[in-house]
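Hi everyone, thanks for coming. Have the sequence and the 3D view open while I talk, and stop me whenever you like.

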Amino acid sequence: MSLMLEEAQSAPECLRAQWQANAGTLAEFGQILREADLHGALTVARGSSDHAAAYFGYLGMKHLGLPVASVPPSLTTVANAPWRVQGQLAVAISQSGASPDLVATQKALAVGGARSLALVNTPDSPLGQVSEREIALHAGVEKSVAATKSYLATLAAGAHLVGAWADDEALLSALEALPSRLESAARQDWQPAVDALVGVDRLLVIGRGVGLAIAQEAALKFKETCAIQAEPFSAAEVRHGPMALIGPGYPVLVFAPPGPDQPGLLELAKWLESIGARVLLAADDSVAERHLPLIDAGHDDLQPLSVIQSFYVMAAKLAVARGGDPDQPRHLQKVTRTL
């Protein structure tokens with residue numbers, strides 16, 4: 001068993017530990033945020049953490065009605081932007097909390113007037129030290145280069161932060177119960193995807209709404225662990241320029257979990273099949289035409305965690321089936337330090 005597979009399967013237990021450790025702290029912080037009457041949030045992240053930041057941003061805008069923007073670190077490290085961000089919350093997200101560009105950006109946003117929070121998997125990190133508050137992800141040491149359990153832990157922490165900020169009991173209750181559902185998600189049989197993708201060199205990954213960040217993460221994992229040129233798109237955008245890529249047999253992975261976006265995703269999958277694409281449709285058991293099973297996460301906003309939990313297990317197996325080592329992707333290191 002690869003480390004990637006082992007760590008992906010351990011994610012549900014990490015989320016249990018995270019909830020128990022952070023519930024009180026985030027309830028308190030949520031009250032502080034409501035009383036602060038902030039008018040927006042900024043995210044600071046790269047790679048998988050930036051995909052998790054996109055998920056947090058979508059939830060924040062949905063539940064709080066506040067704009068959430070991703071800040072390119074180069075605006076600080078290269079352009080030296082004169083930040084004026086009073087009334088904003090700067091949320092920096094990182095596994096290691098060690099990359100100089102993230103640290104510099106978070107520090108500059110704080111100087112510019114933002115409140116600051118770091119979501120990190122490494123306690124007492126440089127990123128945490130330049131933030132007012134640090135919330136630990138509690139994913140434990142992650143040895144595989146490809147992030148899995150730490151990504152799921154970041155998604156959960158982002159949902160927890162939004163739920164606490166919005167005082168949304170339904171979201172918080174579903175999040176507390178989520179680890180058991182993810183254990184089921186990790187056991188789903190996605191062998192048809194392994195069989196279909198073992199010989200491909202490119203594909204599209206489709207999501208929408210709260211699930212777009214998961215399509216982005218899945219495409220990254222295809223690249224780094226399987227050497228497949230995978231590109232993520234929203235179902236609302238893919239009928240524009242990207243459709244010119246589709247020819248007979250072109251593989252397309254469509255994530256269509258339960259929720260308001262599912263009907264449109266199912267319609268898109270049907271249309272893609274009609275023009276000759278090799279569609280792999282991931283959906284729950286209410287969808288008879290699915291190819292890959294999904295476990296209902298118990299809340300629309302948490303469906304992406306169930307999707308990526310099942311995906312990670314498949315990706316680790318696909319990498320091995322293609323003759324690779326998912327724990328040692330070519331040219332990559334666990335901690336990336338950019339400026």
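So, cavities: the structure holds 3 of them at 30 Å³ or more. By cavity I mean a set of points, on a 1 Å grid over the protein atoms alone, where a 1.4 Å probe fits but cannot get out. The volume is the space filled by probe spheres set on those points, and grid points are joined across faces, edges and corners.

Quick word on the source: this is a predicted model, where local features need pLDDT of at least 70 and side-chain atom pairs count only at pLDDT 80 or more, while totals for chains, interfaces and linings use all residues. Residues are numbered from 1 along each chain as its sequence is written, and side-chain values use heavy atoms, with hydrogens and water left out.

Now, the largest cavity has a volume of about 40 Å³. What lines it? Look for Leu15, Gln18, Trp19, Ala156, His160, Leu175 and Pro179; lining residues have an atom within 4 Å of a point. Helix H2 (11-36), helix H7 (149-166) and helix H8 (169-185) each give two or more residues to that lining, and H2 brings the largest share, 3 residues. Helices here are DSSP runs of H or I with at least four residues, strands are runs of E with at least two, and both are numbered from the N terminus. By class, the lining has 5 nonpolar, 2 polar and no charged residues. Ala, Val, Leu, Ile, Met, Phe, Trp, Tyr, Cys and Pro count as nonpolar, Asp, Glu, Lys and Arg as charged, and the others, Gly among them, as polar.

Let's stay with H2 and H7. They pack at an angle of about 30°, with axes 8 Å apart. Axes are lines fitted to C-alpha atoms, for helices over the stretch in contact, and angles run from 0 to 180 degrees between N-to-C directions. H2 and H7 are therefore roughly parallel to each other, a label for angles under 35 degrees. Their contact residues divide into 16 nonpolar, 4 polar and 2 charged.

Inside it, leucine 42 stands opposite alanine 90 in S3.

Another open sheet runs S7-S6-S8-S9-S10, also 5 strands with parallel pairing. There, 6 bridges join S8 (residues 251-256) to S9 (residues 278-283).

Definitions and conventions
Two strands pair if DSSP finds at least two bridges between them. On a 1 Å grid over the protein atoms alone, a cavity is a set of points where a 1.4 Å probe fits but cannot get out, and a pocket is an open set with protein on both sides within 12 Å along at least five of seven lines; lining residues have an atom within 4 Å of a point. Angles under 35 degrees count as roughly parallel, over 145 as roughly antiparallel, 65 to 115 as roughly perpendicular and the rest as oblique.
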